[in-house]
Amino acid sequence: EHPAVPGGIMNQTERDQIEIIKEALSGGEADLSAEPDWWAIYRDMSQQAVAPLGYEIYKKRKGSFTDTDLDREWSKSVIEQYNSWYMLMYCQQELVNLLSSAGFDFAIMKGMANAVLYSVPELRKSGDIDFLVREDEYESVYQLLLDNGYSKTEELDKAEYHVVLTKDDVVFELHKRPGGAKMDGSPESRALIDFFSHGLDNVENVEVDKYSFPVLPTLQNGMTLLIHFAGHMREGVGIRHLLDWM
């Protein structure tokens with residue numbers, strides 16, 4: 001259902017978009033309308049940050065439809081996404097090497113961690129690099145980053161659960177707990193911290209091309225996604241969030 005459409009029913013462009021994503025991720029044939037509105041599909045997918053996933057299906061299924069502007073725009077989004085991906089991966093690997101050599105426990109979270117679950121990881125758009133460390137090592141990791149060329153954007157004592165740093169125009173979010181996970185001293189809050197600490201005890205190393213990095217186990221990663229969803233509930237959970245969960 002789609003709350004923006006009267007009656008909660010998807011329109012044809014939205015149905016086509018879902019079918020394209022289905023084919024992109026599962027390989028099954030997209031059941032498209034007779035004459036898809038390709039510009040509308042591209043605009044919707046761009047708004048949801050999933051346009052690169054649909055380009056190959058568009059090329060294959062557009063038939064006699066010809067629009068050089070759309071061809072150029074959609075292919076450009078794919079090229080830009082590949083460039084962004086490898087830039088982020090390179091900078092992430094620098095971070096991984098630094099934290100590993102210093103002996104800290106950590107895990108890459110959210111965008112880059114979930115991209116590896118996609119059939120083509122490079123096409124999952126990410127805007128920054130999120131990583132989780134142990135709560136009692138949070139300040140030490142922060143100082144290590146400052147000592148190695150990472151620039152702070154805010155003071156550590158003003159950040160509730162993560163602090164943002166930058167390096168080489170890339171944004172890094174250093175987390176002591178997943179965003180939105182409140183700490184009020186209750187047994188439930190303490191249990192949540194212990195739960196993610198256990199995840200850091202059992203990180204899984206993944207490899208993409210020449211890059212490797214630790215991620216949380218499936219259970220902790222799933223909980224991270226749910227907490228992230230909760231933070232987006234007011235403005236709406238996007239398609240990319242749902243694809244990560246799937």
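Student: Which residues lie 3 residues apart in helix α1, separated by about one helical turn?

Tutor: In helix α1 (residues 12-26), K22 and E19 are 3 residues apart, and therefore about one helical turn separates the two. The model discussed here is a predicted one. The side chains of K22 and E19 meet in a salt bridge, with a distance of 2.9 Å from N to O.

Student: Is E19 buried or exposed, and what is the relative accessible area of K22?

Tutor: The term buried is applied under 20% relative accessible area. E19 counts as buried because its relative accessibility is 17%. K22, with a relative accessible area of 38%, is partly exposed.

Student: Where does the side chain of E23 form a salt bridge?

Tutor: E23 meets the side chain of K60 in a salt bridge, at 2.5 Å from N to O. This pair links distant parts of the chain, with E23 in helix α1 and K60 in helix α3 (residues 51-61), 37 residues apart. E23 is buried, its relative accessible area being 6%. Moreover, E23 and K60 belong to a network of salt bridges that also links E29 and R61.

Student: Which parts of the chain does the pair R124 and D244 link?

Tutor: The side chains of R124 and D244 meet in a salt bridge of 2.5 Å, N to O. The pair links distant parts of the chain: R124 is in the loop between α5 (110-115) and β2 (129-133), whereas D244 is in helix α9, 120 residues away. Both R124 and D244 are buried.

Student: How many salt bridges does the count come to?

Tutor: The count comes to 15 salt bridges, a salt bridge being a side-chain nitrogen of Lys or Arg within 4 Å of a carboxyl oxygen of Asp or Glu.

Student: What describes two packed helices?

Tutor: Two packed helices are described by the angle between their axes together with the distance between those axes. In this model, helix α2 (residues 38-47) packs with helix α4 (residues 68-101) at an angle of about 25°, and their axes are 11 Å apart. Angles under 35 degrees count as roughly parallel, and α2 and α4 are therefore roughly parallel to each other. The crossing of α2 and α4 is left-handed.

Student: Which residues make the nonpolar surface patch?

Tutor: M223, L226 and W245 make a nonpolar surface patch of about 280 Å². W245 lies in helix α9 (residues 239-245). W245 is partly exposed, with a relative accessible area of 45%.

Notes. Residues are numbered from 1 along each chain as its sequence is written. This is a predicted model: local features need pLDDT of at least 70, side-chain atom pairs count only at pLDDT 80 or more; totals for chains, interfaces and linings use all residues. Side-chain values use heavy atoms; hydrogens and water are left out. Patches are made of residues with over 30% relative accessible area and no salt bridge: like charges are joined within 9 Å, nonpolar side chains (Val, Leu, Ile, Met, Phe, Trp, Tyr) within 5 Å. Accessible areas come from the Shrake-Rupley method with a 1.4 Å probe; for residues, only the protein chains shown count as cover. Helices (H or I, at least four residues) and strands (E, at least two) are DSSP runs, numbered from the N terminus. Buried means under 20% relative accessible area, exposed over 50%, partly exposed in between (1.4 Å probe, protein chains only). Axes are lines fitted to C-alpha atoms, for helices over the stretch in contact, and angles run from 0 to 180 degrees between N-to-C directions. Angles under 35 degrees count as roughly parallel, over 145 as roughly antiparallel, 65 to 115 as roughly perpendicular and the rest as oblique. A crossing is left-handed if the near helix is turned anticlockwise from the far one by less than a right angle, and right-handed if clockwise.
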